[in-house]
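Please consult the sequence and the structure shown below while reading.

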Amino acid sequence: MADRFVIHLPVVAGDLPGAVRLARVVARWSTVLAQTDPGEITVSYEDEQGVRHRVFCDARLGGGRRCALRVGHDGPCARSVPR
């Protein structure tokens, strides 16, 4: 397998719920780039970067895609957010 590299992009938010909301927006925007895996996005406190909080459900769906719902969602996994 070829080497893979991860880009860490610090973005600051005032609290954990705000960081999670912003992470969801950034993740959904980044789907225009084939190299991104928005399902893996996490947030952490600045001074506790080793303790990460998942933003999306980590379940893999068919075709290599991931569940698009937030972590801890009720009901079955889905490829897109219900409107």
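## The bridge between Glu40 and Arg66

In this predicted model, Glu40 and Arg66 form a salt bridge through their side chains, with an N to O distance of 2.8 Å. A salt bridge is a side-chain nitrogen of Lys or Arg within 4 Å of a carboxyl oxygen of Asp or Glu. The pair connects distant parts of the chain, 26 residues apart: Glu40 belongs to the loop between H1 and E1, and Arg66 to the segment after E2. Helices (H or I, at least four residues) and strands (E, at least two) are DSSP runs, numbered from the N terminus.

## The bridge between Glu40 and Arg54

Arg54 also forms a salt bridge with Glu40; their closest N and O atoms are 3.9 Å apart. Arg54 lies in strand E2 (residues 48–54) and Glu40 in the loop between helix H1 (16–30) and strand E1 (42–45), so this bridge ties together parts 14 residues apart in sequence.

Arg66 is buried, at 13% relative accessibility, whereas Arg54 is partly exposed at 27% and Glu40 is partly exposed at 38%. Buried means under 20% relative accessible area, exposed over 50%, and partly exposed in between (1.4 Å probe, protein chains only).

The whole structure contains two salt bridges. Through shared partners, salt bridges join Glu40, Arg54 and Arg66 into one network.

## Basis of the values

Residues are numbered from 1 along each chain as its sequence is written, and side-chain values use heavy atoms, leaving out hydrogens and water. Local features need pLDDT of at least 70, and side-chain atom pairs count only at pLDDT 80 or more, while totals for chains, interfaces and linings use all residues.
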